[in-house]
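Subject: Handing over a structure

Hello,

Here is the structure I said I would pass on. Please open it beside this email as you read.

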Amino acid sequence: MRIAILDDYQNVALELADWESLDADVHVFTEHIAHQDELVRRLAGFDVVVAMRERTPFPDSVLSRLPELRLLVTTGQRNASIDVEAARRHGILVCGTGYLPHPTVELTWALILAACRHLPTELRAMRDGGWQSTLGTGLRGRTLGVLGLGRLGAQVARVGQAFGMRTIAWSHNLTPERAAEHDVTAVTKDELLASSDVLTVHLVLSERTRGLVGAAELAAMKPTALLVNTSRGPIVDTEALVHALRDGVIGGAALDVYDEEPLSADHSLRSLPNAVLTPHIGFVTRETYEVFYRDAVADIAAFQRGEPVRVLER
């Protein structure tokens, strides 16, 4: 059996799980393969592919050209970049792995604190021999708006409450009763935008949420507000966000996810002083990767036995 591990940027996959137990030929790709034709060429002859989250899309146009592929393992429990129905048509089984939500919650707050206390600026100043140059913004008494009060959003809200913040939330299906379970107030979308000092996004990417935060939504926010996105890049209209940050429509943004990943070196977001950016590391911890790769090995072993586990239906 030939196994390809994709997008292992840190080259750590082989040390975090017992791949030798599979008695297979395992090949690691540490560089991202962006173009479909190149991806198909590089994956020719592999029986199994292990995909890291949604870094590499697998639409029908790719799956149909990989006749030897029989198992596609994605880290995590869902992957919007894989056409699961197309995989089924081509006789390719798609399986998932376990996932740890709390590292993304932790990074969300790292970004919020970094933006509110201007840490990138102050860190650079200290390296350059400088001293205090900015005025930070405290969190106590401010309003934290949570766009999507699911598993991650609820945990983020709990931390905000520990900081003494008022917590409000909105999503398409959120009820006042559900919000109250987390000591959060359910509000309308308009109120969420108008009232939030910090607006943090925690939604699954779908046709309903793609572009949900656009120019009109940004214009409805406070001019001092901070927008945080550790969910999925396309939920926020990138072009509208760039204009809003340049024109002072909102105070700042703290982002870990983007429309295009890896983010191009000359992307306009990189040059904005009121944008705190990290390279999609919300889930990138040793503990999470151990779960990902351990479960990927278990998925492949189960497939070898003819007893597949964690099969994704959609």
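First, the ground rules. This is a predicted model: local features need pLDDT of at least 70, side-chain atom pairs count only at pLDDT 80 or more, and totals for chains, interfaces and linings use all residues. Residues are numbered from 1 along each chain as its sequence is written, and side-chain values use heavy atoms, with hydrogens and water left out.

**The sheet**

Helices (H or I, at least four residues) and strands (E, at least two) are DSSP runs, numbered from the N terminus. Two strands pair if DSSP finds at least two bridges between them.

Five strands form an open sheet in the order β2-β1-β3-β4-β5, and the pairing is parallel. Neighbouring strands are turned against each other by 15° on average, direction ignored. Axes here are lines fitted to C-alpha atoms, for helices over the stretch in contact, and angles run from 0 to 180 degrees between N-to-C directions.

Start with β1, residues 2-5. Four bridges pair β1 with β2 in the parallel sense. Ala-4 has His-27 in β2 as its bridge partner. β1 also runs parallel to β3, joined by three bridges. There, Ile-5 is partnered by Val-50 of β3.

Next, look for helix α11 (residues 286-305). It lies across β1, β3 (48-51), β4 (71-74) and β5. Its direction is at about 160° to β4. Contact means heavy atoms within 4.5 Å.

**Pocket and cavity**

Both are found on a 1 Å grid over the protein atoms alone. A cavity is a set of points where a 1.4 Å probe fits but cannot get out. A pocket is an open set with protein on both sides within 12 Å along at least five of seven lines. Lining residues have an atom within 4 Å of a point. Points are joined across faces, edges and corners, and a volume is the space filled by probe spheres set on them.

The second largest pocket holds about 540 Å³. It is lined by 26 residues, and the closest to its centre are Ala-115, Cys-116, His-118, Gly-251 and Gly-252. α4 (102-116), α5 (119-127), β11 (252-255) and β12 (275-277) each supply at least two lining residues.

There is one cavity of 30 Å³ or more. The largest cavity has about 60 Å³ of space. Its lining includes Asn-229, Val-257, Tyr-258 and Asp-259.

**Backbone details**

His-118 sits in the loop between α4 and α5. Its phi is positive, about 55°, although His-118 is not a glycine. Pro-262 is in the loop between β11 and β12. The peptide bond from Glu-261 to Pro-262 is cis, with omega near -5°.

Best wishes
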